[in-house]
Amino acid sequence: MTSQEHTTGSDAADRADEFAAAGGAAEFAGEGGAAPSTDAGGTAEFAGRVVLITGAASGIGRSIAERLAGRGARVVGVDVAEAIRDVVDGLPGEGHLPLRRDLTDPGAAAAIVEEVERELGTPHVLVNSAGVAILSPASELPASDWRRTMDINLDASFYMAQAAGRAMTRAGYGRIVNLASQAAVVGLDEHVAYCASKAAIVGMTKAMSLEWAPHGVTVNAVSPTIVETPLGKKAWAGEKGERARAGIPAGRFAQPEEVAAMVAYLASDDAGMVTGTNMLLDGGFTSV
Ligand SMILES: NC(=O)c1ccc[n+]([C@@H]2O[C@H](COP(=O)([O-])OP(=O)(O)OC[C@H]3O[C@@H](n4cnc5c(N)ncnc54)[C@H](O)[C@@H]3O)[C@@H](O)[C@H]2O)c1
């Protein structure tokens, strides 16, 4: 960072105030003290916000896109899958942008953030949800599968957060949420590369949070148990899944909408003092 880019906490606070005055302020209109809901709309909490979501074509990323778009956000959905165009086209609201990109391409992250800044302005929120789970006993995992897991789950998340973080710290406001996993805090059979990549996400989250807190940018991780998405269903099919379900005190897997609700909180103005955390959403699995 250059000295010109360096800002103090109060500079950041001033800019966040200006941002709010310019129409970006989040108001929980109508939410009051109501119990949290997992529906996709009902408030304009994210009106005027530019929200960048990787892995938005499927599962958790898609559910987050639907929730935040339903609350007024302009969503930039990034995914390698062709489906990203239809998913983003189908979001509530307007002004969204689908970007079909492979996040393992060198330079992809920087180019994406540059394009978003040019087309929509500085992103207010980044959610890193793109990820893979390639399972194998540790002694048999091919080097190529280790590398691919790290390339997508860790490196792509780092480069996206780095590129978005540079822009956000300059603007004096930002919310970054990284999808980790319960596998970041406990070992899981045949998940050696996945566990390592997700534990690293938590370390990265903490380090970034310290550096960027003075600039109005929060960085947090969310760690779900098994979520009923294409990735979750594939990794936990059959009898193995039933055993895993029995080990979750809540007695069930999580739904993508439940993860989206937690991410929406961390992406909101209300969470301005929450940074560097790894929020578990595991039905008690890691408390056993
Ligand atoms: N489903 C679970 O049980 C679970 C549990 C804990 C954490 N997570 C994490 O949540 C995140 C989302 O998982 P999900 O269950 O929604 O998975 P998913 O497979 O439904 O969606 C992941 C998306 O990432 C995209 N993607 C993969 N590689 C990419 C690349 N190189 N470039 C761009 N996009 C790419 C895929 O195309 C897909 O649309 C992942 O980081 C995952 O590790 C999932």
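Colleague: Which residues are closest to the ligand, and how many surround it?

Modeller: 26 residues surround the ligand, and the closest are Gly 55, Gly 59, Gly 131, Leu 231 and Gly 232. A residue is near a molecule if its C-beta atom, placed from the backbone, lies within 6 Å of it. Helix H2 (59-70) and helix H7 (230-235) are the elements that give two or more residues to this shell. Please keep in mind that this is a predicted model, where local features need pLDDT of at least 70, side-chain atom pairs count only at pLDDT 80 or more, and totals for chains, interfaces and linings use all residues. Residues are numbered from 1 along each chain as its sequence is written.

Colleague: What makes a stretch a helix or a strand?

Modeller: Both are DSSP runs, numbered from the N terminus: helices are H or I with at least four residues, strands are E with at least two. On that basis the protein has 9 helices and 7 strands.

Colleague: How do the residues of the ligand shell divide into nonpolar, polar and charged?

Modeller: There are 14 nonpolar, 10 polar and 2 charged residues in that shell. Ala, Val, Leu, Ile, Met, Phe, Trp, Tyr, Cys and Pro count as nonpolar, Asp, Glu, Lys and Arg as charged, and the others, Gly among them, as polar.

Colleague: Why is one side of strand S3 and of strand S7 left without a neighbour in the sheet?

Modeller: The open sheet has 7 strands in the order S3-S2-S1-S4-S5-S6-S7, with parallel pairing. S3 (97-100) and S7 (278-281) stand at the edges with a single partner strand each, so one side of each has no neighbour in the sheet. The twist averages 15° from one strand to the next.

Colleague: How do you know that S1 and S4 pair?

Modeller: Two strands pair if DSSP finds at least two bridges between them. S1 (residues 50-54) and S4 (residues 125-128) run parallel and are joined by 4 bridges, so they meet that rule. Val 51 stands opposite Val 125 in S4. S4 and S5 are also parallel and joined by 4 bridges, with Leu 126 opposite Ile 176 in S5.

Colleague: Which way do the residues of S4 point?

Modeller: Val 125 and Val 127 point one way, Leu 126 and Asn 128 the other way, and all are buried. In a regular strand the side chains alternate between the two faces of the sheet.

Colleague: What makes Lys 198 buried?

Modeller: Buried takes 20 or more other C-beta atoms within 10 Å of the residue's own, exposed 12 or fewer, and partly exposed lies in between, with C-beta atoms placed from the backbone. Lys 198 has 28 such atoms, so it is buried. Its place is in helix H6, which packs on the sheet and touches S5, S6 and S7. Lys 198 touches Asn 153, Ala 180, Ser 181, Ala 183 and Ala 184, leaving aside residues up to four places away in sequence; contact requires C-beta atoms, placed from the backbone, within 7 Å.

Colleague: Where do H4 and H5 meet?

Modeller: Ala 109, Ala 110, Val 113 and Glu 117 in H4 meet residues of H5 including Ala 156, Tyr 159 and Met 160.

Methods:
Axes fitted to C-alpha atoms, helices over the stretch in contact; angles between N-to-C directions. Contact = placed C-beta atoms within 7 Å.
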